[in-house]
Amino acid sequence: MFLKLLYIGLSVFFIWQLFAYLRSHPEAFSKENLSRSFFTTGILALLLIAFVAMLVWFVKH
């Protein structure tokens, strides 16, 4: 029972912190920032796929 209350309290705290951050930084989810983030994530995903493919190729040979 104590752990459930602790988890609820921590959840409320983190939600409050997130809300406070978003109120002080409204540009965090602007179209430009999201576009740049998705582009960077896409490049990193392609590099990870290539790295795993090379590892599989090295293991097979």
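**Exercise 1.** Which residues form one aromatic cluster with Phe13?

Solution. The model is predicted. Phe13, Phe14 and Trp16 make up one aromatic cluster. The structure contains 3 aromatic pairs. One of them joins Phe13 and Trp16, with ring centres 6.2 Å apart.

**Exercise 2.** Classify the pair of Phe13 and Trp16 as stacked, tilted or edge-to-face.

Solution. Step one: rings pair if their centres lie within 6.5 Å, and the centres of Phe13 and Trp16 are 6.2 Å apart. Step two: planes under 30 degrees apart are stacked and those over 60 are edge-to-face, with the rest tilted. The planes of Phe13 and Trp16 stand at 45°, so this pair is tilted.

**Exercise 3.** Where do Phe13 and Trp16 sit, and how far apart are they along the helix?

Solution. Both belong to helix H1, which covers residues 2-24. Because they are 3 residues apart there, about one helical turn separates them.

**Exercise 4.** Describe the aromatic pair of Trp57 and Phe58.

Solution. The distance from centre to centre is 5.4 Å, and the planes are 55° apart. The pair of Trp57 and Phe58 is tilted.

**Exercise 5.** Which nonpolar surface patch includes Phe13 and Trp16?

Solution. Its members are Phe2, Leu3, Leu6, Tyr7, Leu10, Phe13, Phe14 and Trp16. Together they have about 910 Å² of accessible area.

Notes: Residues are numbered from 1 along each chain as its sequence is written. This is a predicted model: local features need pLDDT of at least 70, side-chain atom pairs count only at pLDDT 80 or more; totals for chains, interfaces and linings use all residues. Side-chain values use heavy atoms; hydrogens and water are left out. Rings of Phe, Tyr and Trp (its six-membered ring) pair if their centres lie within 6.5 Å; planes under 30 degrees apart count as stacked, over 60 as edge-to-face and the rest as tilted. Helices (H or I, at least four residues) and strands (E, at least two) are DSSP runs, numbered from the N terminus. Patches are made of residues with over 30% relative accessible area and no salt bridge: like charges are joined within 9 Å, nonpolar side chains (Val, Leu, Ile, Met, Phe, Trp, Tyr) within 5 Å. Accessible areas come from the Shrake-Rupley method with a 1.4 Å probe; for residues, only the protein chains shown count as cover. A salt bridge is a side-chain nitrogen of Lys or Arg within 4 Å of a carboxyl oxygen of Asp or Glu.
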